[in-house]
Amino acid sequence: MHLDSGNVVEDSTRALLRESGLRVTAQRVSVLEALRVDPHVTADVVARRVRSEGVAISTQGVYDVLDALTSAGLIRRIEPAGSPAVYETRVGDNHHHLVCRSCGVIVDVECVVGEAACLTPSDSNGFAVEEAEVVFWGLCPQCQIPT
């Protein structure tokens with residue numbers, strides 16, 4: 001992934017940041033592009049990818065950018081139990097995830113019941129439900145192969 005000012009994808013990323021009310025910086029553009037290329041990655045992986053593009057950013061800077069992008073609704077943070085937080089650009093569609101117990105790979109999966117049915121708990125206890133999170137755990141095809 002090489003970003004230059006003439007790149008159409010980078011231009012759309014810049015526009016997306018502006019539309020979300022965020023200042024456009026090289027760090028924010030690079031972090032968002034890194035997540036578009038490879039979703040479900042940790043902040044450490046994002047930092048390595050952004051730095052490999054020649055963008056100077058501290059580890060704390062990566063977390064700050066990820067927090068800003070999450071707050072703006074441009075990315076989603078997911079935290080599978082026992083795993084570090086990972087980030088993705090797929091937002092606003094109430095999809096779920098499959099997580100491999102062995103290698104940790106994460107795969108998106110559509111809502112299993114249909115249109116927003118997952119958002120209807122048997123008793124909301126007065127909550128205005130905005131999102132449901134379902135994580136399916138198992139072994140990915142590669143980890144099912146006997147060694």
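Visitor: Where is Val105 placed?
Guide: This is a predicted model. In it, Val105 sits in the loop between strand S3 (96-100) and strand S4 (106-109).

Visitor: Why does Val105 count as partly exposed?
Guide: Because its relative accessibility is 36%, and partly exposed covers the range between under 20% (buried) and over 50% (exposed).

Visitor: On to the helices. At what angle do H2 and H4 pack?
Guide: Helix H2 (residues 26-37) and helix H4 (residues 59-71) pack at about 75 degrees, and their axes are 10 Å apart. An angle from 65 to 115 degrees counts as roughly perpendicular, so H2 and H4 are described that way.

Visitor: Which residues make that contact?
Guide: From H2, they are Gln27, Arg28, Val31, Leu32 and Leu35. From H4, they are Val65, Leu66, Ala68 and Leu69.

Visitor: What about H3: which of its residues are buried?
Guide: In helix H3 (residues 43-52), the buried residues are Ala43, Val45, Val46, Ala47 and Val50.

Visitor: And what do those pack against?
Guide: The buried residues of H3 pack against H2, H4 and strand S2 (86-88).

Visitor: What comes just after H3?
Guide: Gly54, which takes a positive phi of about 85 degrees.

Visitor: Change of topic. How many salt bridges does a search of the whole structure find?
Guide: The search finds seven. In one of them, Asp38 pairs with Arg49, and the closest N and O atoms are 2.9 Å apart.

Visitor: Where in the chain do Asp38 and Arg49 lie?
Guide: Asp38 is in the loop between H2 and H3, while Arg49 is in helix H3. The pair therefore ties together parts that are 11 residues apart in sequence.

Visitor: Are those two buried or partly exposed?
Guide: Asp38 is partly exposed, at a relative accessible area of 27%. Arg49 is partly exposed as well, at 30%.

Visitor: Which residue does Arg77 form a salt bridge with?
Guide: Its partner is Glu79, with the closest N and O atoms 3.0 Å apart. Arg77 counts as partly exposed at 37% relative accessibility, and Glu79 counts as partly exposed at 49%.

Visitor: What about Asp108, what does it pair with?
Guide: Asp108 forms a salt bridge with Arg90, and the closest N and O atoms are 3.6 Å apart. This pair links distant parts of the chain: Asp108 is in strand S4 and Arg90 is in the loop between S2 and S3, 18 residues apart.

Visitor: Which residues are in the network of salt bridges?
Guide: The network links Arg90, Asp93, Asp108 and Glu110. Of these, Asp108 is partly exposed at 26% relative accessibility, and Arg90 is partly exposed with a relative accessible area of 24%.

Visitor: One last residue. Where is Val91?
Guide: Val91 is in the loop between S2 and S3. At 34% relative accessibility, Val91 counts as partly exposed.

Visitor: What does Val91 touch?
Guide: Leaving aside residues up to four places away in sequence, Val91 touches Gly73, Leu74, Ile75 and Arg76. Val91 and Arg76 are 15 residues apart in sequence, and their C-alpha atoms are 6.1 Å apart in space.

Definitions and conventions:
Residues numbered from 1 in each chain as written. Predicted model: local features only at pLDDT ≥ 70, side-chain atom pairs only at ≥ 80, totals over all residues. Heavy atoms only, no water. Helix = DSSP H or I, 4+ residues; strand = E, 2+ residues; numbered from the N terminus. Buried < 20%, exposed > 50% of the residue type's maximum accessible area, 1.4 Å probe, protein only. Axes fitted to C-alpha atoms, helices over the stretch in contact; angles between N-to-C directions. Parallel < 35°, antiparallel > 145°, perpendicular 65-115°, else oblique. Contact = heavy atoms within 4.5 Å. Salt bridge = Lys/Arg side-chain N within 4 Å of Asp/Glu carboxyl O.
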